[in-house]
Amino acid sequence: MRPRIVLFGDSITEQSFRSGGWGAALADTYTRKADIVNRGYGGYNTRWALFLLHHLFPLDSTKPPAAATVFFGANDAAILGRTSERQYVPHEEYKENLRKIVFHLKECCPTMLVVLITPPPVDEAGRKEYAQSVYGEKAVELPERTNEVTRLYAEQCVELAKEMGLRSVDLWSKMQETEGWQRKFLSDGLHLTSEGNAVVHQEVVRVFNEAWLSAAEMPYDFPHHSEIDGKNPEKAFQHQCL
């Protein structure tokens, strides 16, 4: 049975199976070697994600995931007093919620590879343009998220990974290394373009490769067709199927 890799996160994870998405690209990378499972929930923050843990990662599971990405923070970083304040979670609580998620995953399976991913940077001008395109004159002047506030959450995520000995992807910093990241990587100032999705895919694969989950080193679930003898096909399947 192929190992499972669960992608747990908010809308950036939920949308990752769309055309050009990082989850779809990951499924392609691990074709016939691991099953990529999308557990993304648009609009969710870490506080709400805690309610899902026992449903998505039951402690009595006989086949827990081999790995999981935990990709929250974009909604936690909403600003109080603005349009998305319902999603706001203080950055200190965000860190502790991530810790609780990791503890649960490790209780589910101590050997599970857990990778924390920071929220991406925020292009405030892009968010304003998006709001105006959707709400017109009703769009508020002040952005509901800012890049500076999101930085605090990214730092908490990276800090927690170091404290717990986990691997992480500092997406907030990585994307800003590229000139023009605002338009190149973000479609509406927050969600990802195909190029932005490619960055996430690249970074997750890099981290998996540095750990023990390199697709190139994993066996196929069943024999490659070149290994099957047309006159004696049973021989190729004896080891894996009997």
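## Second largest pocket

A pocket is an open set of grid points, where a 1.4 Å probe fits, with protein on both sides within 12 Å along at least five of seven lines. In this predicted model, the second largest pocket has a volume of about 180 Å³.

Its lining brings together Met1, Arg2 and Pro3, the pair Arg32 and Lys33, and the residues Met218, Pro219, Tyr220, Asp221 and Phe222. By class, 6 of the lining residues are nonpolar and 4 are charged, with no polar residues.

## Overall chain

The protein chain contains 11 helices and 5 strands. Along the principal axes, its C-alpha atoms fill a box of roughly 70 × 35 × 30 Å.

Of the 242 residues in the chain, 48% are buried. Among contacts with a separation of 6 or more, 78% are between residues 24 or more positions apart.

## Helix 2

Helix 2 covers residues 22-29, and Trp22, Gly23 and Leu26 are buried in it. Seen down the helix axis, the buried residues of helix 2 fall within an arc of 100°, so they line one face. An α-helix has 3.6 residues a turn, so residues three or four places apart point the same way.

The cover over these buried residues includes strand 1 (4-9), strand 2 (35-40) and strand 3 (67-71), as well as helix 1 (11-14) and helix 10.

## Helix 10

Helix 10 runs over residues 194-210, and at 1.5 Å a residue its 17 residues should span 24 Å; the end C-alpha atoms are 24 Å apart, which agrees. Buried residues in helix 10 include Gly196, Asn197, His201, Glu203 and Phe208, along with Val199, Val200, Val204, Val205 and Val207.

Technical notes:
Residues are numbered from 1 along each chain as its sequence is written. This is a predicted model: local features need pLDDT of at least 70, side-chain atom pairs count only at pLDDT 80 or more; totals for chains, interfaces and linings use all residues. Side-chain values use heavy atoms; hydrogens and water are left out. Helices (H or I, at least four residues) and strands (E, at least two) are DSSP runs, numbered from the N terminus. The expected span of a helix is 1.5 Å times one less than its number of residues. Buried means under 20% relative accessible area, exposed over 50%, partly exposed in between (1.4 Å probe, protein chains only). The arc is that of the directions from the helix axis to the C-beta atoms. Contact means heavy atoms within 4.5 Å. On a 1 Å grid over the protein atoms alone, a cavity is a set of points where a 1.4 Å probe fits but cannot get out, and a pocket is an open set with protein on both sides within 12 Å along at least five of seven lines; lining residues have an atom within 4 Å of a point. Grid points are joined across faces, edges and corners, and a volume is the space filled by probe spheres set on the points. Ala, Val, Leu, Ile, Met, Phe, Trp, Tyr, Cys and Pro count as nonpolar, Asp, Glu, Lys and Arg as charged, and the others, Gly among them, as polar.
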